[in-house]
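Me: Could you take me through this model feature by feature, giving the general idea before the particular case?

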Amino acid sequence: MLYFFCAIRCEAQPLIDHYWPMDLVMSKGGVDIYMSEDGQSVVCISGIGKTDMAYAAAVTFSLLPPDDSSCAFNVGICAGYKPGSLYIVDKVSDCDSGRELYPDILYDTGLESMEIRTVSRVINEGITEDVLYDMESSAFAEVCMRYMGPEKFALLKVVSDKGEGSVVTEGMATDLINNKIDIITKTASIYQAACAKADKPDYDLDPYSELFCCSASMSRELRALINYAIADGKDYEDLIKVMKEEAKLPASCRKDGKEMLGEFRRRLIFT
Amino acid sequence: MSSADVSFLRNFDRIYIEKDAVDYPLTSKILEHFKSAKLTYIRHYKDIFNRSRQSFEFQSHSRKIILAVNRGKLVYEGAPVCHNYGNDRFFYTSTVLNCPYDCEYCFLKGRYSTANIVIFVNVEDYIAKASELGECYLSVSFDTDLPAMDHITAISSVWAELAQEHPEITIEIRTKSAPKSFIALPNLVYAFTLSPQEIIDRFEHGTAGLEARLRSLRLALSKGCKVRVCVDPIIYIDNWKELYGRMIDRLIAECDVDKINDYGIGAFRISSEYIKAIRRAEAYSAAVQFPFENRDGYCEYPYELTKAMVDYVRDRIREVADDGKIFCQY
């Protein structure tokens, strides 16, 4: 599942439009959560500031728990040196706590990376060209680190102003995100595809556990043996078939099953 | 987009640097090698290296270097499971954490949940600390493959200098690479880990091939260096005996084995604390998914199998070396 977190509706609207049709699955405590009809994309509008973002992210992940292939994105506008530019954040500094957080930058998204500093007030002074400023990133990153690995979330920020007191209207914010929506959603697809890569041996252990009359610990041992067989390219199903033909399986009782598990182990390793 | 379409950024495209590490000479030297790398300044290496929920599997596609200053312990006493090669006072030290190679069975995947590599740039502090140890045996390529990083760091030569100045300290530099430069000293041991090419191809990704390792070993012997051959870990696969037998045939045929100082032999074993993380990182590796037995906190092959493998290799080595030169796991 893809999770998108935006502080305000005008930032989220281009994402909602992109993944439309979406249903409003929760609207409570200032947090709106939309989910696409296929259940694969979520857009959450958190409200402005760290507290709102932390609350919204925690609520969303509790309501719709991420799985191994899930990734999360904080999409929004920020203050920076080059208005209109889109960046992927490589370092998140919380200016209140001093804490620094680092999402992994592993995939070739073509985006320039930049540090972002999260502040609790609007920046009115001039800023340098190597730092972005916003009001939610550190909260988003903090919550994500509790739910997923640093390779599974990203902060995608479009510079809206140079922090010199200029007014950014809702329409301007929507336009800034909209202008980059193709790159943002393409980046999300890259993360999604990469996370889908993380595969593990997938099989139903239950029928085999029944064959060996497994206890919980025997089931764990059986799983380890089957994982080894898969890793070593050994045909464990054929081995079980042979043991069935020899009337060694199914086991008549747990004691018998334990003995057969030992036999299965021996044959798996040494034949 | 399918998973096959995902392209990862190249290794070491980004270097994280502790602010305190910026002014060290080794930092400048390393950065010379990575002129196009993006630099990210950090406060403490653990903010990156020790993050929770990291994925070795993902990070191994795009590793990063972290340059740091080690403010903690610099030298450790060796673990009981490690060979001490007859030395009572056995220590190890780690100027680098993690390895550029990707051996599927490596304990580092259990010790660290990241593929990123930390290089401690305050090598002078390590040297100063080691100088105080007195007579001892010091392994300096322990949490990494130091020679494999030498084209970037040249740290092996710094340890060689220490060996030159402190004859009471025996330094071991262990590698699966194929170094080309050596310094011949009586208290500097170059330890080559040898594996059959089939094991290298299957489990020791990125390491030097057997041919290159043997060539490097011959060069070290020709320079008069003290050389150790490690057939450790022996990895079990169906035709292990044939593969390790052929490898030892090559060692005997191609190298001046009389000049080899000693041998270390051991079957694969690993702390049971690490095995879960390694299996998670290497879901399809027969080397780590093997159903090991847990003996005294270490995952090992069944005793008979361990014995058969170690005995076989020892017996083959005995053809060319006295027992006094052979150090075995048991």
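Me: For chain B, what share of the contacts with a separation of 6 or more comes from residues 24 or more positions apart?

Reply: In this predicted model, residues 24 or more positions apart account for 73% of the contacts in chain B that have a separation of 6 or more. For chain A, the share computed in that way is 69%.

Me: How many helices and strands does chain B have, and how does its radius of gyration stand against that of a compact globule?

Reply: Chain B comes to 13 helices and 18 strands. For its 330 residues a compact globule would have a radius of gyration near 20 Å, and chain B agrees, because its own value is 20 Å. Along the principal axes, the C-alpha atoms of chain B fill a box of roughly 55 × 55 × 35 Å, and 59% of the residues of the chain count as buried.

Me: What does the radius of gyration say about chain A?

Reply: Chain A has 9 helices and 10 strands. Its radius of gyration is 25 Å, well over the 18 Å that the globule rule gives for 271 residues, so chain A is more spread out than a compact globule. The box filled by its C-alpha atoms, taken along the principal axes, is roughly 80 × 35 × 35 Å, while 58% of the 271 residues count as buried.

Me: How should I read the packing of two helices?

Reply: Two packed helices are described by the angle between their axes and by the distance between those axes. In chain A, helix α1 (residues 9–19) packs against helix α5 (residues 181–196) at an angle of about 65°, and the two axes are 11 Å apart. That angle makes α1(A) roughly perpendicular to α5(A), a term that covers 65 to 115 degrees. The crossing in which α1(A) passes α5(A) is right-handed.

Me: Which residues make the contact of α1(A) with α5(A)?

Reply: From α1(A) they are A:P14, A:L15, A:H18 and A:Y19, and from α5(A) they are A:I181, A:I184, A:T185 and A:A188. Sorted by class, this contact of α1(A) with α5(A) has 6 nonpolar residues, 2 polar ones and no charged ones.

Me: At what angle does α1(A) pack with helix α4 of chain A?

Reply: α1(A) and helix α4 (residues 170–179) of chain A pack at about 35°, with their axes 8 Å apart, and the crossing of α1(A) and α4(A) is right-handed. The contact is made by A:C10, A:E11 and A:P14 of α1(A), together with A:E170, A:A173, A:T174, A:I177 and A:N178 of α4(A). By class, the contact of α1(A) with α4(A) has 4 nonpolar, 2 polar and 2 charged residues.

Me: Which residues other than glycine have a positive phi?

Reply: Two examples can be given, one from each chain. A:C213 has phi near 50° and lies in the loop between α6 (206–211) and α7 (216–232) of chain A, where it is partly exposed, with a relative accessible area of 23%. B:R53 has a phi of about 60° and is found in the loop between α2 (46–49) and α3 (56–59) of chain B; B:R53 too is partly exposed, with a relative accessible area of 46%.

Me: Is B:A286 buried or exposed, and with which residues is B:A286 in contact?

Reply: Burial is judged by relative accessible area, with buried meaning under 20%. B:A286, found in helix α12 (residues 286–289) of chain B, counts as buried because its relative accessibility is 5%. Leaving aside neighbours within four places in sequence, B:A286 is in contact with A:Y228, A:A231, A:D232, B:R202 and B:F203.

Me: Is B:R316 buried or exposed?

Reply: B:R316, placed in helix α13 (residues 303–318) of chain B, is buried, with a relative accessible area of 13%. Beyond its neighbours within four places in sequence, B:R316 is in contact with B:G245, B:I248, B:D249 and B:I252.

Notes: Residues are numbered from 1 along each chain as its sequence is written. Chains are lettered from A and ligands numbered from 1 in the order in which they are written. This is a predicted model: local features need pLDDT of at least 70, side-chain atom pairs count only at pLDDT 80 or more; totals for chains, interfaces and linings use all residues. Side-chain values use heavy atoms; hydrogens and water are left out. Axes are lines fitted to C-alpha atoms, for helices over the stretch in contact, and angles run from 0 to 180 degrees between N-to-C directions. Helices (H or I, at least four residues) and strands (E, at least two) are DSSP runs, numbered from the N terminus. Angles under 35 degrees count as roughly parallel, over 145 as roughly antiparallel, 65 to 115 as roughly perpendicular and the rest as oblique. A crossing is left-handed if the near helix is turned anticlockwise from the far one by less than a right angle, and right-handed if clockwise. Contact means heavy atoms within 4.5 Å. Ala, Val, Leu, Ile, Met, Phe, Trp, Tyr, Cys and Pro count as nonpolar, Asp, Glu, Lys and Arg as charged, and the others, Gly among them, as polar. Buried means under 20% relative accessible area, exposed over 50%, partly exposed in between (1.4 Å probe, protein chains only). The radius of gyration is taken over C-alpha atoms; the globule rule is 2.2 Å times the number of residues to the power 0.38.
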